[in-house]
Amino acid sequence: MTDLASQTQKTGLRAWLMTDTPTSRRQARLAAIYHGWLTFRGNPLAMVGLGILLFLVFVAAFAPVLAPHDPLAQDLAGRLQPLGSPGHILGTDSLGRDILSRLIYGSRITLYIVTLVALIAPIAGLLVGTVAGYIGGFIDTVLMRITDIFLAFPRLVLALAFVAALGAGIDNAILAISLTAWPPYARIARAETLTIRGSDYISAVRLQGAGPFRIITRHIWPLCISSLIVRVTLDMAGVILAAAGLGFLGLGAQPPSPEWGAMISEGRKFILDFWWVAAMPGLAIFTVSLAFNLLGDGLRDVLDPKSGSS
Amino acid sequence: MEKLLDIENLRVTFPTRQGEFEAVRGISFNLGRERLGIVGESGSGKSMTGRAILRLIRPPGRVEADRLEMEGRDLLGMSEREMQRVRGEQISMVMQDPKFSLNPVMRVGEQIIEIYRFHTGASKRDAYAKAIEMLQAVSINDPERVMRAYPHEMSGGMGQRIMIAMMLVTEPKVLIADEPTSALDVSVQTQVLSIIDRLVRQRGMGLIFISHDLNLVASFCDRVLIMYAGRIVETCAADQLHQARHPYTRGLLNSLPRLDAPQPRLEALKRDPAWTLAPSVSGRI
Amino acid sequence: MSSLEIQDLSVWFGHDENRVDAVKGASFAVPSGASFGLVGESGSGKSTILRAIVGLIPTWSGQIRVDGAPLGKKRPRSFFKDVQMVFQDPYASLHPRHTVDQVLGETLKLHGFKDVDTRIAKLLEDVGLGQPFRFRYPHQLSGGQRQRVAIARALAPEPSVLLLDEPTSALDVSVQAEVLNLLSDLRESRALTYLMVSHNLAVVAHMCDETAVMKDGEIVEVMGVEDMRAMTPAHPYTRHLLDSSLGYKPSDAQSA
């Protein structure tokens, strides 16, 4: 009764989105997204996280316009300038390169790593986990033991081994991180699949003659993906740190590339006298990691099918 | 009649995105040493009423009332600590599914003993004796064995008897039973109901029996409140339920298929918006 | 000729020492166009029979015949064009992320229908929902509306046999009346054969001509609806069920 009254007050697009009686496929989907957005918007910290990440994307996209200097241009005369020096707000590093410009260009590398890992690891995990969970039996045992083997290694050590075998470099670092990141996703996807598999709506679609491929891709994936997305955003901080760690050890991005982890590594030698050289990229890593965690928390409220819409 | 519970203009409100939602909209009733049935469909506010009396509505939900008294003591004004004493000692509640009400990792006996000692401060030995006595009262033949068992080892009917034993061990004056037999098979249902019936009579307790099953309420209770959309639309003596006047109650009764009277089609309930708007009928006597 | 014939059906779960026999040698036949009930308490194996028929439980022995043809271990897609099932809990039988349109559309496509759009519209009309419900998600529907969608899904392949697993036990009585009426109408207009599982004897008596009473995996009695209404069962267990279904009698308190 009350919701009818308030609905008539709303006009135009909002009313169209808030309706309980959508009239087309498109409206139904958009309305569902809009409802999710309303839930998400109700969480101020998640909005802060989203804001920071949008800012990161903006900075990466317009890096050439925003950066005051060339990130690779050296100026040995003006090396290790402190914070707030003229022309170099965040100072310069040991080769006189502008730290702010390097951070701005470094955001591109960070986004590149995050995007690729976020695509490779969960999708690999989703495939392995849902197939193992739905088909079960021997295939389940084999796939899950492989997953266990990967899980048993400390992540950074395994990544180190991969990079050592494949050669140092940003792409190999991404590959190594992805290879170490997928097993937890496979576990989550399998656990979700096991509960979904026995549900009546899966039985119902089996009674329409649907095969395993269709059931996994059309019916199980949409329900697993939401919890994976949440997990990915919460893991992203770890991924950024792993990438930074590899960079720090000299196994990730190679100099003179302005990768944030590599920048810390370079600043390490001067950390006592010229702390900002390492602290500024550290602060950037911290901020972005925190933003991902906040976003993940907010997404959990929106996407969790158990607590959600009903 | 001696009044155990006295409730006037009770409201339960939940904030939603579309504004406030009133699950219970200003109902009044009282309870003596009797078996009072509350019937209605899902969403009628009957379960919320039971929870509101025990102040079990979690924020952001709100409970408001002009009067919510247990033997003259105001329940709404009590602190959470005082309320904990009231729950169990004065008013107990049995829910639909015992599986969710019993602690799965604690033995049945420990749970009953803990509750009894919390409320009475009795010694362990006394509490043990009391628990055995209580299990016997709910027709459990081998109480020692049941005391040592974990909840998952019990069937649904046994679980519900244990719940009743646990809820009555502190000898409360009022029992609120929220669909206590809906999860049980019909034959077990009868056993559990007869146990509740016997204990309530013997101890002179007041019972609020919340159910969706009109026939059951008509045969089990003394007096019935019929709820619709958060309000009481009709009250009557339970044995008069089949002569109820309100079109909603009539509609519910007629929509039931009957073993003794075959009909080609069941009567579908036509809902009248006026039912929602009409003021609540008082259930106070 | 019998539309659905079950002979000496046994169903079990697990194996060796963990084996649980859920159904033990059940036999009954449902003539074409008839409505047959299966009643019993929880754990009596009544729902298990339905699940074995549609192939959701692979561990069974005995004979299941649909229109005279015995079923093997695998169900071909053509089987599902003939036999469909409606599940007990409409809150669990619809995919939470699929709209009504998606649910019905996918079913129709799986069965190879071309005119999906017009068929969805027709199905929704048939179950009394209509166009406004077509693009809703399950959480935007009430329990009764959900069960109507589930019925529409089962009707989509135009089956001749409908297995109903407690289709109204999760619904309010007024909604139950509407859904039962709908099922009666559909049976008449589409000449369907029903096999209905329920714990509610009044519901079964209302819907079915003949009823099998189950206890601990066995059929103890098959009785006609007149015997049920006259309360003249042959087996004491059926008597007990019939008595219990009449409501509570204060005399029960003394005997307990």
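Helices (H or I, at least four residues) and strands (E, at least two) are taken here as DSSP runs, numbered from the N terminus. Residues are numbered from 1 along each chain as its sequence is written, while chains are lettered from A and ligands numbered from 1 in the order in which they are written. The model is predicted, and local features therefore need pLDDT of at least 70, side-chain atom pairs count only at pLDDT 80 or more, and totals for chains, interfaces and linings use all residues.

The secondary structure of chain A consists of 13 helices and zero strands, and its C-alpha trace spans about 75 × 60 × 25 Å along the principal axes. Of its 310 residues, 40% count as buried, where buried stands for 20 or more other C-beta atoms within 10 Å of a residue's own, exposed for 12 or fewer, and partly exposed for values in between, with C-beta atoms placed from the backbone. Two residues are said to be in contact if their C-beta atoms, placed from the backbone, lie within 7 Å. Among the contacts in chain A between residues at least 6 apart in sequence, 68% join residues at least 24 apart.

Axes are lines fitted to C-alpha atoms, for helices over the stretch in contact, and angles run from 0 to 180 degrees between N-to-C directions.

| Helix pair | Axis separation | Crossing angle |
|---|---|---|
| α8 (residues 155-166) and α11 (residues 212-248) of chain A | within 11 Å | roughly 50° |
| α4 (residues 44-61) and α13 (residues 276-303) of chain A | 7 Å | about 130° |

Angles under 35 degrees count as roughly parallel, over 145 as roughly antiparallel, 65 to 115 as roughly perpendicular and the rest as oblique. The angle between α4(A) and α13(A) therefore makes these helices oblique to each other. A crossing is called left-handed if the near helix is turned anticlockwise from the far one by less than a right angle, and right-handed if clockwise; in this sense α4(A) passes α13(A) in a left-handed crossing. From α4(A) the contact draws on A:Leu45, A:Ala46, A:Val48, A:Gly49, A:Leu50, A:Ile52, A:Leu53 and A:Leu56, and from α13(A) on A:Thr287, A:Val288, A:Ala291, A:Phe292, A:Leu294, A:Leu295, A:Asp297 and A:Gly298. By class, these residues divide into twelve nonpolar, three polar and one charged, given that Ala, Val, Leu, Ile, Met, Phe, Trp, Tyr, Cys and Pro count as nonpolar, Asp, Glu, Lys and Arg as charged, and the others, Gly among them, as polar.

The crossing of α8(A) and α11(A) is right-handed. Here the contact is formed by A:Arg155, A:Leu156, A:Ala159 and A:Val163 of α8(A) together with A:Ala242, A:Gly245 and A:Leu246 of α11(A), and it comprises five nonpolar, one polar and one charged residues.

## The nonpolar core

A nonpolar core is a set of buried Ala, Val, Leu, Ile, Met, Phe, Trp, Tyr and Cys residues joined through C-beta atoms within 7 Å. The largest such core has 234 residues, and those with the most contacts inside it are A:Ile177, A:Val239, B:Ile112, B:Ala165, B:Leu175 and B:Val217. Leaving aside residues up to four places away in sequence, B:Ile112 touches B:Ala131, B:Met134, B:Ala165, B:Met166 and B:Val169.

## The contact between chains C and B

Between these chains, 28 residues of chain C are in contact with 33 residues of chain B. On the side of chain C, the elements that give two or more residues are α6 (173-190), α7 (201-207), α8 (225-229), α9 (236-244) and α10 (251-255). Of these, α6(C) gives the most, with seven residues. By class, this side of chain C has twelve nonpolar, ten polar and six charged residues.

## Local backbone features

In chain B, a cis peptide bond joins B:Pro59 and B:Pro60, with omega about 10°, and B:Pro60 is found in the loop between α1 (46-53) and β4 (62-64). B:Asn9, in strand β1 (residues 5-16) of chain B, has a phi near 55°, a positive value in a residue other than glycine. This residue, B:Asn9, counts as partly exposed because it has 15 C-beta neighbours inside 10 Å.

In chain C, phi of C:Ala191 is likewise positive, near 55°, and C:Ala191 lies in the loop between α6 and β8 (193-198). With 10 other C-beta atoms within 10 Å, C:Ala191 is exposed. C:Lys249, in the loop between α9 and α10 of chain C, counts as partly exposed, with 15 C-beta neighbours inside 10 Å.
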